[in-house]
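Subject: Structure for your review

Dear colleague,

Please find below the structure that I am handing over to you. My notes on what was found in it follow directly after.

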Amino acid sequence: MSSGPIGVFDSGVGGTSIWREIQQLLPNESTIYLADSKNAPYGAKTKEEILSLSIKNTELLLQKGCKLIVVACNTATTNAITYLRENYKVPFIGIEPAIKPAALMSRSKTVGVLATKGTLSSDLFHSTTRNHAEGIRVIEQEGKGLVPLIEGGSIYSAKTRELLEQFINPMLQEGIDYLVLGCTHYPYLIPVLKEILPVHVQIIDSGEAVARQTNAILKKNDLLYKEAGIASHQFYTNADAKILNDFLANVSIPIKIDYLGF
């Protein structure tokens, strides 16, 4: 089982931000990535739809021999990971907005969360906020329209910047000093966000913490791949493979990208 790949799925290309962190920390591990771009964004779907898509992705990764699955999507994590853990035997790693570190470090006691509707309305998000942000004002903002722009490769477009300013400026007026990115697509917007945010406002995403947790769970379950060899990295998308290829163009290791009608 330890020789099997790590499975990663997301509602498109955003989870590649998580994949990069995992690959960097665990270079000996092979991976399989599913980009469900045909059904992006998950954030606007019902809980039942999100669960159904998460089950489909999970079963496809299990068919391909994955030993652990990273749900590289905040919306899928908050709406489906409890079911997945209860119904499948492999370990699952989820993605939650990094509210806890933001709350601990905030000096203004006000933090912003930019996330999808599916994440912000979930029980898991509210329980995380309740448990880790006592005494902190959490300014929630749905990033409506951002995922389709990122999926379409329009990160630096005027429309993207316009939406970000529309979402971020009210948070700044409320006095945030930390901005939590609650969607794995959003780290790709960091260059634009840094142009909009004052220098004292820090951006937090979950990528590095997810990679560390993946490493810890592999060790705990004796699933780390310990033999020398070249890791393989297979990416599948059910939409235009060029988009995924563009997002991974600067990856320095061998990868393979294919269309798969799932």
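Ser30 is placed in the loop between H1 and S2; helices (H or I, at least four residues) and strands (E, at least two) are DSSP runs, numbered from the N terminus. The model is a predicted one, in which local features need pLDDT of at least 70 and side-chain atom pairs count only at pLDDT 80 or more, while totals for chains, interfaces and linings use all residues. Residues are numbered from 1 along each chain as its sequence is written, and side-chain values use heavy atoms, with hydrogens and water left out.

With a relative accessible area of 17%, Ser30 is buried (buried means under 20% relative accessible area, exposed over 50%, and partly exposed in between, with a 1.4 Å probe and protein chains only). Apart from its neighbours within four places in sequence, Ser30 is in contact with Pro5, Ile6, Ala231, Ser232 and His233, where contact means heavy atoms within 4.5 Å. Ser30 and Ile139 are 109 residues apart along the chain, and their C-alpha atoms are separated by 38 Å.

Helix packing

Helix H1 (residues 16-25) packs with helix H10 (residues 207-220) at an angle of about 50°, the axes being 8 Å apart. Axes here are lines fitted to C-alpha atoms, for helices over the stretch in contact, and angles run from 0 to 180 degrees between N-to-C directions. H1 and H10 are therefore oblique to each other (angles under 35 degrees count as roughly parallel, over 145 as roughly antiparallel, 65 to 115 as roughly perpendicular and the rest as oblique). Their crossing is right-handed; a crossing is given this name if the near helix is turned clockwise from the far one by less than a right angle, and left-handed if anticlockwise. On the H1 side, Ile18, Glu21, Ile22 and Leu25 meet Gly207, Glu208, Val210, Ala211, Arg212, Thr214 and Asn215 of H10.

Within H1, the buried residues are Thr16, Ser17, Ile18, Trp19, Ile22 and Gln23. Their cover includes strand S1 (6-10), S2, strand S3 (68-71), H10, strand S9 (233-237) and H11.

In helix H6 (residues 123-132), Phe125, Ser127, Thr128 and Thr129 are the buried residues. These pack against H3, helix H4 (99-105), S5, helix H5 (117-120) and S6.

The four-stranded sheet

Four strands form an open sheet in the order S6-S5-S7-S8, with parallel pairing; two strands pair if DSSP finds at least two bridges between them. Strand S6 (137-142) and strand S8 (202-204) stand at the edges with a single partner strand each, so one side of each is left without a neighbour in the sheet. On average, neighbouring strands of this sheet are turned by 25° against each other, direction ignored. Strand S5 (residues 110-115) and strand S7 (residues 178-182) run parallel and are joined by five bridges. Val113 stands opposite Val180 in S7.

Salt bridges

How many salt bridges does the structure hold? There are nine, a salt bridge being a side-chain nitrogen of Lys or Arg within 4 Å of a carboxyl oxygen of Asp or Glu.

In one of them, Asp36 pairs with Lys56, the closest N and O atoms being 3.2 Å apart. Asp36 lies in the loop between strand S2 (31-35) and helix H2 (47-63), and Lys56 in helix H2, so the pair ties together parts that are 20 residues apart in sequence. Asp36 is buried, at a relative accessible area of 0%, whereas Lys56 is partly exposed at 26%.

Asp222 forms a salt bridge with Lys226, with the closest N and O atoms 3.4 Å apart. Asp222 is exposed at 54% relative accessible area, and Lys226 is exposed at 66%.

Lys242 and Asp246 also form a salt bridge, their closest N and O atoms being 2.9 Å apart. The two residues are four apart in helix H11 (residues 241-247), and about one helical turn separates them. Lys242 is exposed at 52%, while Asp246 counts as partly exposed at 44%. Elsewhere, salt bridges that share partners join Arg161, Glu165 and Glu195 into one network.

With kind regards
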